[in-house]
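Trainee: I would like to learn how to read the features of a model such as this one. Could we go through them one at a time?

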Amino acid sequence: MIKSSAAEMAQSLASGATTSVALTQAHLNRIAEVDEKVHAFLHVDTDGALKQAAEIDASRARGEKLSPLAGVPLALKDVLVQKDVPTTCGSKILEGWRPPYDSTVVSKLKSAGVVILGKTNMDEFAMGSSTENSAYGPTHNPWDLTRIPGGSGGGSSAALAAFEAPLAIGTDTGGSIRQPAAVTGTVGVKPTYGGVSRYGLVAFSSSLDQAGPCARTVLDTALLHEVIAGHDPKDSTSINAPVPQVVAAAKSGDVKGMKIGVVKELNGDGYQAGVRQRFEESLELLAQAGAEIVEVSAPNFEYALAAYYLIAPSECSSNLARFDAMRYGLRVGDTDGASAESVMNMTREVGFGREVKRRILLGTYALSSGYYDAYYGSAQKVRTLITQDFNNAFAKCDVMVSPTCPTTAFKIGEKANDPLAMYLNDIATIPVNMAGIGGMSLPCGVAPEDGLPVGFQIMSPVMQDQRMYSVGAALEAALLSKWGAPLLSQAPSLGGAA
Amino acid sequence: MSALTYEDVISKYEPVLGLEVHVELNTNSKMFCGCSTIFGAEPNTQTCPVCLALPGALPVVNEKAIESTILIGLALNCSIAAFSRFARKNYFYPDMPKNFQISQYDEPICVNGYVDVEIDTDEGPQSFRIEIERVHMEEDTGKSLHVGGSTGRIHGADYSLLDYNRAGIPLVEIVTKIVPGTGKYAPEVAKAYVAELRDILRALGVSDVKMEQGSLRCDANVSLRLIGSDVLGTRSETKNVNSLRSVERAVRGEMIRHAELLNKGEKVVQETRHFQEDTGLTRSGRSKEQAEDYRYFPEPDLVPVAPDAEWIEKLRASLPERPSLRRKRLQEQWSVPDKEMAAMINADVLNIVEETVLLGADPTKARSWWLGEISRLANEKEVTISELAITAKDVAEIVSLVAQGELTDKLARQVVESVINGEGTPAEVIASRGIKVVNDDGALMAAIEKVCSEQSETADKVRNGHLPAAGALIGAVMKETKGQADAARVRELLLGHLGQAAN
């Protein structure tokens with residue numbers, strides 16, 4: 001049961017073949033069996049999930065009209081607040097904090113009857129590409145437990161790949177949904193910036209952060225997308241427009257006549273051979289499905305990474321200033337006679353990890369008087385240029401595509417002491433965030449040299465998210481008929497009763 | 001103490017002013033969340049995830065606050081930016097929940113305005129133009145109470161209490177350009193400017209403008225330069241100036257302090273200073289020599305403010321008459337002496353008097369009721385006039401009844417008191433109390449009023465408490481009534497009419 005898609009589970013629930021309590025319990029059992037190895041979850045809300053599941057079953061028994069995903073379980077990245085459930089953002093500084101309110105994403109999940117199993121592991125405050133920066137220990141990739149599951153949302157993707165949940169929520173600031181999806185052989189979507197409310201998403205970089213759906217199939221991702229998307233008056237940057245029809249697009253999967261732009265700059269040197277091979281094969285499949293493959297150029301993408309590492313740390317240095325030991329979370333050094341300042345300093349010293357401190361320092365420096373124009377100011381100009389590159393390219397094609405990551409999953413510890421190498425992993429995902437457009441990663445095979453999953457990235461213009469779902473569904477269908485079974489069936493068994 | 005007199009200072013130096021005024025808007029909810037703004041609630045009861053800066057919470061701009069700010073900008077002759085942005089001002093302080101303040105930095109909503117203020121000078125009334133650099137929106141911080149320690153400040157305190165009710169209250173900051181050319185009148189000009197601002201803001205209805213409660217706060221920047229020099233001196237910024245009088249005192253005090261330093265060949269330190277209400281002096285706050293770096297950058301959680309032109313024009317059309325112009329107009333229309341006008345403004349009865357006049361009452365009568373009897377009763381009850389149960393309509397009715405001879409002044413006072421005591425409208429009071437006009441008195445009153453208007457100077461003396469002058473008026477009334485009136489009754493009525501208690 002737990003290896004089905006969310007859509008299939010929803011069908012079983014609707015037909016009465018199973019109940020939400022049974023389904024939820026099955027996933028709780030799976031978590032109990034395998035999460036010791038995977039460590040996808042920071043907190044499992046057994047009681048809350050079962051209670052919510054029972055309520056859905058009761059509603060269904062009363063014949064109430066339920067939304068399509070009602071009763072299906074989900075794993076929530078620990079950066080989104082859920083009332084009364086611990087939210088740590090993978091940081092010691094928030095250890096023990098129970099939010100008194102629900103994020104908009106959580107409110108929407110609850111009202112759609114989606115059962116929230118618990119909170120998933122992540123790089124501290126979403127800063128990282130491997131989940132190694134979690135203060136609570138790394139998550140392991142179900143394909144190879146010695147490897148990283150991507151980051152920052154490695155917990156959410158690993159939970160999907162380990163069949164601990166059929167649905168998950170991630171957040172994507174520079175690739176934190178798409179890169180983990182790529183390296184775990186799952187699907188992840190970063191919607192258009194402003195497509196999903198950020199209210200209750202603990203901010204890393206406000207102008208880049210975006211919550212999005214994660215699942216094992218394109219259709220499941222689309223179903224979840226429509227649950228969480230939409231305008232929210234509590235988020236001034238949320239777009240007041242109808243939600244793109246992503247479920248319809250995922251169901252039709254029609255790419256006939258669509259122009260697919262291959263980004264010249266996101267390929268070639270630095271990309272693993274197996275990654276390039278699977279990417280090229282996918283392009284052929286899309287061409288066979290009726291799409292026209294064209295090449296597009298984005299000359300300014302080469303500056304994206306540098307600009308990103310000025311903008312994101314700048315915003316983070318300000319966003320994380322609120323963790324001062326005054327109102328919530330950790331408090332260190334509060335002894336008799338200690339000043340507020342020293343308590344704050346000691347708390348931040350102990351509460352934040354190395355990568356977070358590195359970025360706070362970077363950002364503080366970049367925003368300082370005398371440096372602002374050279375750093376933050378220039379980075380904003382690069383951002384405008386990247387947006388122009390996208391606009392120019394989208395004049396020639398309907399969607400743009402690239403490999404999601406240059407490589408497959410690397411070993412835990414391999415890049416932990418080389419931040420620059422770690423940052424380079426996001427080279428193909430960051431431009432999407434800089435321009436605020438939509439991006440999807442879906443599995444397109446395993447690299448022959450290491451047998452690890454490869455991600456295929458699809459990018460669509462602002463509020464045209466349905467386009468990436470059409471292309472994603474078409475490619476997924478073509479790959480499935482080629483493979484005969486979902487890619488995850490090739491992943492090693494983690495043991496357990498599944 | 002100071003060897004230097006004010007005259008010494010101004011004979012050598014020219015003061016240059018710069019004034020920053022913070023105004024708390026009187027919106028019902030906070031700047032970026034829905035919490036109430038009511039003053040004086042239990043600590044930390046008017047808070048939510050947004051104004052407590054809980055992780056994940058986001059600000060949303062209060063549209064009413066934007067409207068109020070645009071109104072202020074328009075009233076101060078500013079241009080309203082088609083596009084303005086909020087920015088984050090980053091610094092750590094325990095009463096600021098986010099450890100940054102959402103403010104406006106290089107893209108404020110209103111720019112380049114002016115206010116003309118008039119003061120009395122040795123050469124008569126003189127007008128000064130104060131140029132406004134910008135008007136921008138921001139949020140207030142919470143309040144800290146530092147307990148223990150000698151200074152009441154965070155350093156040395158045993159512990160501190162934090163109240164976040166004020167955190168996020170909408171603030172508008174009004175910043176002048178530098179104000180040179182006020183010479184020896186700098187202190188008066190500073191005071192007149194703040195007074196004018198206060199009146200304008202009150203007329204707009206956008207703030208309570210209570211300096212003593214902190215809803216209007218002024219920071220006074222003062223520097224001196226040698227007369228004839230065009231090089232600006234080093235400025236000090238005086239905070240904590242909580243009344244109009246203090247504005248004047250603070251500027252004067254800083255001018256003298258700077259001059260003393262400069263005369264001794266010492267440097268003025270660029271710093272924040274705190275005004276001491278008791279001594280009228282300032283004491284040093286934090287030095288600004290190592291200017292704090294606020295690391296401003298555009299607030300990414302908010303979209304730019306882009307008010308459409310139609311809205312701005314609608315607001316412009318709704319602007320009330322400028323208070324100082326209105327005062328001039330009313331004073332002329334009503335022929336009010338300066339002193340009386342000042343008294344009316346002080347007692348804040350201008351609006352209600354105007355309302356009474358618009359209902360047909362004679363301006364002098366309307367004024368004397370509100371400023372005299374009714375103000376006296378309000379004082380007695382320790383409430384404001386607006387809290388009394390008497391309206392402009394009631395007073396207009398009473399004035400009319402007196403004019404028709406249906407009431408004497410004395411009876412009218414009875415009626416006023418009864419209305420204030422909640423006995424109903426004037427007509428209801430007259431009916432229920434059976435107040436009857438004594439016809440004889442009516443005839444006497446006509447004579448008294450005639451005499452008082454013929455001999456208005458003498459009447460004014462009596463009004464001002466010079467009772468011996470009443471004799472002349474009584475004689476004239478006796479003559480007017482051909483000696484048939486009772487002089488004691490005449491005296492009683494006359495004194496009553498002139499607002500003096502008869503005995």
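**Reading the interface and the folds**

Mentor: Across the interface of chain B and chain A the rule finds 1 salt bridge, a salt bridge being a side-chain nitrogen of Lys or Arg within 4 Å of a carboxyl oxygen of Asp or Glu. Before going on, note that this is a predicted model, in which local features need pLDDT of at least 70 and side-chain atom pairs count only at pLDDT 80 or more, while totals for chains, interfaces and linings use all residues. Residues are numbered from 1 along each chain as its sequence is written, chains are lettered from A and ligands numbered from 1 in the order in which they are written, and side-chain values use heavy atoms, with hydrogens and water left out.

Trainee: Which residues form the salt bridge, and how far apart are the closest N and O atoms?

Mentor: Asp301(B) pairs with Arg198(A), and their closest N and O atoms are 3.1 Å apart. For polar contacts the rule takes a pair of N or O atoms within 3.5 Å; within protein, one must be able to donate a hydrogen and the other to accept it, and residues adjacent in sequence count only if both atoms are side-chain atoms. By that rule 17 residue pairs, both members at pLDDT 80 or more, are in polar contact across the interface of chain B and chain A. On the side of chain B that touches chain A, the elements that give two or more residues are strand S3 (87-90) and strand S14 (297-298) of chain B; helices (H or I, at least four residues) and strands (E, at least two) are DSSP runs, numbered from the N terminus. By class, this side of chain B has 22 nonpolar, 3 polar and 5 charged residues, where Ala, Val, Leu, Ile, Met, Phe, Trp, Tyr, Cys and Pro count as nonpolar, Asp, Glu, Lys and Arg as charged, and the others, Gly among them, as polar.

Trainee: How many residues does each chain give to the contact, and what area is buried between chain B and chain A?

Mentor: Contact means heavy atoms within 4.5 Å, and here it takes 30 residues from chain B and 39 residues from chain A. Buried area is the accessible area (1.4 Å probe) that two parts lose on being put together, summed over both; between chain B and chain A it is about 2,700 Å², with carbon and sulfur atoms giving 59%. Pro55(B), Leu58(B) and Arg295(B) supply 23% of the area that chain B buries against chain A, more than any other three residues.

Trainee: How should I read a helix, and is H2(B) buried or exposed?

Mentor: Begin with its span, whose expected value is 1.5 Å times one less than the number of residues. Helix H2 (residues 63-75) of chain B has 13 residues and reaches 18 Å from its first C-alpha to its last, close to the 18 Å expected. A residue is buried under 20% relative accessible area, exposed over 50% and partly exposed in between (1.4 Å probe, protein chains only); 10 of the 13 residues of H2(B) are buried, so this helix is largely enclosed by the rest of the structure. Its buried residues pack against several elements of chain B, including strand S5 (110-121), strand S6 (124-139) and helix H3 (186-204). At the start of H2(B), a side-chain oxygen of Asn62(B) comes to within 2.9 Å of the backbone nitrogen of Lys64(B), and after the helix comes Asn77(B), with a positive phi near 60°.

Trainee: What should I look for in the backbone angles?

Mentor: Most residues other than glycine have a negative phi, and most peptide bonds are trans. Ala53(B), although not a glycine, has a positive phi of about 55°; it lies in the loop between strand S1 (13-24) and H2 of chain B and is buried, with a relative accessible area of 1%. Asp348(B) also has a positive phi of about 55°, but this residue, in the loop between helix H7 (338-346) and helix H8 (350-358) of chain B, is exposed at 52% relative accessible area. In chain A, a cis peptide bond with omega of about 5° joins Gly151(A) and Ser152(A), and Ser152(A) is in the loop between strand S3 (115-120) and helix H5 (154-161) of chain A.

Trainee: Where is Ser460(A) found, and which residue's backbone oxygen does its side chain reach?

Mentor: Ser460(A) belongs to strand S11 (residues 453-460) of chain A and is buried, with a relative accessible area of 0%. Its side chain reaches the backbone oxygen of Gln464(A) at 3.5 Å.
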